[in-house]
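Here is a short briefing on one protein model. Points are grouped by topic, starting with a stretch of surface.

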Amino acid sequence: MESMLNKLKSTVTKVTADVTSAVMGNPVTREFEVGRHIASGGPGLCWRIYNGTKKSTKQEVAVFVFDKKMIDKYQKFEKDQIIDSLKRGVQQLTRLRHPRLLTVQHPLEESRDCLAFCTEPVFASLSNVLGQWDNLPSPVPKDIKEYKLYDVETKYGLLQISEGLSFLHSGVKMVHGNLCPENIILNKSGAWKIMGFDFSISSNNPSDAELKYTCKEWEPNLPPLCLPNPEYLAPEYILSVSCDSASDMYSLGVVMHAVFNEGKPVIQVNKHDIFKSFSRQLDQLSSMNPALLSKIPEEVREHVKMLLSVSPTVRPDADQMTKIPFFDDVGAVTLQYFDTLFQRDNLQKSQFYKGLPKVLPKLPKRVVVYRILPALTSEFVNPDMVPFVLPNVLLIAEECTKEEYVRLILPDLTPVFKQQEPLQASNMILLIFLQKMDLLLTKTPPDDIKNSVLPMVYRAVEASSVQIQELCLNIIPTFANLIDYPSMKNSLIPRIKSACLQTSSLAVRVNSLVCLGKILEYLDKWFVIDEILPFLQQIPSREPAVLMGILGIYKCTFTHKKLGIPKEHLATKSLPHLVSLSIDNNLNLNQFNSFMMVIRDMLNRMEAEHKTKLEQLHIMQEQQRSLNITNPGNTTEENKNPPSSGNQIDDIFGNTSVNGKENGSAATPSQPNRVSLTLEEKQRLAKEQEQAAKLRSQQPLAPQTIKPASSSSSQTKDLTSSLLNSMTSLNSLSLASSARPPPVQGATMSAFPSSSPMVGPVSNGFNPSMGFQTGGIGMGMRPSGPGLYGGMASTTSTPNFGALTQNQGPSGLTNRPPDMSALDNLFTSNKPKVSLNQIGPQAAPGGSTPWVSQFGSAQNAQTQMQGVAVGMGGMSSGFGMQANPFFSPQNFSQPGAAPSMNPSGVKPSASVNNDLQDLFG
């Protein structure tokens, strides 16, 4: 690693030393920063070309440097001749200004060691491109080494040289005198420019119709840099010492031959015997061998042959060459039009830019990026032309790499993103950008997206033009996956919602809803539930399209795997909203059916989820009871602690059907869906299973015999039994002292609503919200036995009237129903008034019922001891009889027959709602 760094350091040091030694002390360095050596050009490739920048403006330039050390081998007078020739060529170039001539940015400056001047940015000379690498850096730059000319570049380059010669011959009345690949420079954008006016000859009579030029005789003894390149020189220069504009045309013919033949001229010239070589060349040109021009394209081959003619009068002039069919290529014509854009008005430009997208795919990428793109981006300063130029720029951007896009295109696009004037052009720009938004979001860096691209999208959503808003809302879903989530959540969605609520256009409102529906998949579940669904209820209009858009969002959210709507939200918000919308008079039958279909799906899912939850709770309750059965000795300890409200609810509803089967039909509960259990329920179930496992591993405990209270044994006194016995005796005395009829053994209340008149007053429509304290003993009696209950039920201060009525008094006393007429005014009903006496319990003809026959005397004592759990139908929490104002002790001493019940205490065909409806109307 260290050796590589040392090698790199030595290379950089060497290059810096070369540049410093070449330019040090030259006045050019005061204004320009000289960079690396990139190419060579000029007569004999004697000029080294460096890239550079102007210090004041950071403008890119090319610095041409001639190092005087190159001519140290010559005598002083020869050195002076070379320096004078080079100076004259640069000075002449500086005076001439034309698009086809190399543009000089800073005139020639001379120092003790070098000559230097600055021009427009340069890539290389044509000679470098054709394979002549003299005076180039070592190693040869890769971009020059691998550079290959495309046909369109060759055609348009030769056309540019022809136009340059036309300017010199017709405009300046000048012959170049040394046109060759060394003096043709390719600038940064690929345009071909003429330089090297060292041997140019001006006309002696510029005002005359027939121009005359004075030509110097060839002097073989002069240094090569003081002579033109003989291989590209017309024969008349040497043989007849004459020249005119046709001499340059011969040179153009040789250049065309070299371009199509890898840089080789038509005839090789022996520079030591120039006259003999030219005489031989003259014979070859007179009888042109067809094989000599075989590589030249057929459509221009005849013209090249004419250019290489020995007779100057046969050669076409420069103006004629610019009009030959060879240059009528669509690519060449397009590039030529770009070079003359400054001469066109806006109408002509707009027509040209409209047809350009058809031409761009036919051109090489290098030509498009380095020739056409700069010309297009230069038009961004003209706001009226931006809508015509922008589609072409974005078309080029699609073919560029991300690095090329960021380096060459994005800097010019950034101001266009923010353009808002004039309004019409601004709207067109928004439309164009929106159609190419996927391209922008893919290739633009994240910071530029956030600072430039997305603000433009937000502006489009809020645009005053309905067409812009509609297009924006239609296009947003196509690139929503490319927008980062914070920007979508905090900036884009609020603007879409605002556009939907504030617009007066139905199309914008509907498109807003459609847009939201399509981008739901990119949002998280809770953002949709908290922000999107509540927003739907704020939409004021009720047009069918709007209502169907709202329905679509609900349906997408409800059916999407990632999203979904919780059953609580369905029950409290979504379904009420949809039901209210479904009966809107603007909907037709199909639309109403669509609403009902979604509503049914929501109801079915809500029912299934809640049913599954209740089944799971039921299974957990059964597992809890199984724990109590498997551990009977532990229930005594549990009964000493006051039961919680939740446990009482479980006891009351433990034997009822939680599957919604009020008709008492038995069905095997379906397997619970583990996914819907809450964390607390899972923890509770795990603890119960763990406790059950421990209990199964223990030895069963023998039940202890409870001794009478009068016993003087040292064992612990059972306070519960004492309390129950004492309260039983007290109530027996109280009832015995009164003149009330004795109860029939086994008379009781149904644990759930019954169709008989007795149950109405029992339920009375109360629920736990009325604030009654819960108790472990209720109004009905469930069959008990060792196989179902393993111990005593929870004990409270409420006396066990169920046990009391089974053990006292004879059965032969008169039974009379209680008078409840005083309570008739407490209730109102839409039905005909019925007195409470009429709905009170009626005496049965027999003194016993099927329910009583199920319980023998052997069960009575056990029932009294165990405190049979009693439930009250229709209430989630039981309360004792003493707390119920609709009951008195005589109600439980009536001899009337109790309603027929099944062994589980649930009536076979009754419901709470029917009883309440009978009672309250």
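Phe592 has a relative accessibility of 30%, so the residue counts as partly exposed. Phe592 sits in helix α26, which covers residues 589–630. With Ile583 and Leu589, Phe592 makes a nonpolar surface patch of about 310 Å². The model is a predicted one.

- Gln591 has a relative accessible area of 18%; the cut-off for buried is under 20%, so Gln591 counts as buried.
- Beyond its neighbours within four places in sequence, Gln591 is in contact with Pro544, Met548 and Asn586.
- Ile565 lies in the loop that runs between α24 (544–559) and α25 (567–582).
- Ile565 is buried because its relative accessible area is 4%.
- Contacts of Ile565, leaving aside neighbours within four places in sequence, include Leu533, Tyr554, Phe558 and Met602.
- Ile565 also contacts Thr557, Leu570 and Ser574 under that same exclusion.
- Ile565 and Lys555 are 10 residues apart along the chain, and their C-alpha atoms are separated by 9.8 Å.

- What span should helix α8 (residues 245–259) have at 1.5 Å a residue? Its 15 residues should span 21 Å, and the end C-alpha atoms are 21 Å apart, so the two values agree.
- Helix α8 is mostly covered, with 14 of its 15 residues buried.
- At the start of α8, a side-chain oxygen of Asp244 comes to within 3.0 Å of the backbone nitrogen of Ala246.
- Ala246 is also among the residues that Arg315 touches, as are Ser247, Met249 and Tyr250.
- Arg315 is placed in the loop between α10 (298–307) and α11 (318–321).
- Is Arg315 buried or exposed? Arg315 is buried, because its relative accessible area is 5%.
- The side chains of Arg315 and Glu236 are joined by a polar contact of 2.8 Å.
- Arg315 also touches Ala234 and Pro235, as well as Met306, Leu307, Ser309 and Val310. Residues up to four places away in sequence are not counted here.

**Strand β8**

- Ile184 is in strand β8, which spans residues 184–187.
- At 0% relative accessibility, Ile184 counts as buried.
- Ile184 touches Ser125, Leu126, Ile161, Leu179, Trp192, Lys193 and Val255, with residues up to four places away in sequence left out.
- Ile184 and Met195 are 11 residues apart in sequence, with their C-alpha atoms 6.2 Å apart in space.

**Salt bridges**

- How many salt bridges does a search of the whole structure find? The search finds 24.
- One of them joins the side chains of Glu60 and Lys188, at 3.5 Å from N to O. This pair links distant parts of the chain, 128 residues apart: Glu60 is in strand β3 (residues 60–67), and Lys188 is in the loop between β8 and β9 (192–194).
- Glu60 is partly exposed, with a relative accessible area of 36%. Lys188 is partly exposed as well, at 48%.
- Glu110 and Lys87 meet through their side chains in a salt bridge of 2.5 Å, N to O. This pair also links distant parts of the chain, 23 residues apart: Glu110 is in strand β4 (residues 104–110), and Lys87 is in helix α3 (residues 76–95).
- Glu110 counts as partly exposed at 35% relative accessibility. Lys87 counts as partly exposed at 23%.
- Glu403 forms a salt bridge with Arg407, with the closest N and O atoms 2.8 Å apart. Both residues lie in helix α16 (residues 402–417), 4 residues apart, or about one turn of the helix.
- Glu403 is partly exposed at 47% relative accessibility, and Arg407 is partly exposed at 43%.
- Salt bridges with shared partners join Arg100, Glu163, Asp339 and Arg371 into one network.

**The whole protein**

- The protein has 36 helices and 10 strands.
- Of its 921 residues, 47% count as buried.
- The protein exposes about 46300 Å², and carbon and sulfur atoms supply 53% of that area.
- Among contacts with a separation of 6 or more, 71% are between residues 24 or more positions apart.

Definitions and conventions
Residues numbered from 1 in each chain as written. Predicted model: local features only at pLDDT ≥ 70, side-chain atom pairs only at ≥ 80, totals over all residues. Heavy atoms only, no water. Patch = residues over 30% accessible without salt bridge, like charges linked within 9 Å, V, L, I, M, F, W, Y side chains within 5 Å. Areas by Shrake-Rupley, 256 points an atom, 1.4 Å probe, with all protein chains shown as cover. Salt bridge = Lys/Arg side-chain N within 4 Å of Asp/Glu carboxyl O. Helix = DSSP H or I, 4+ residues; strand = E, 2+ residues; numbered from the N terminus. Buried < 20%, exposed > 50% of the residue type's maximum accessible area, 1.4 Å probe, protein only. Expected span 1.5 Å × (residues − 1). Polar contact = N/O pair within 3.5 Å; in protein donor to acceptor, adjacent residues only side chain to side chain. Contact = heavy atoms within 4.5 Å.
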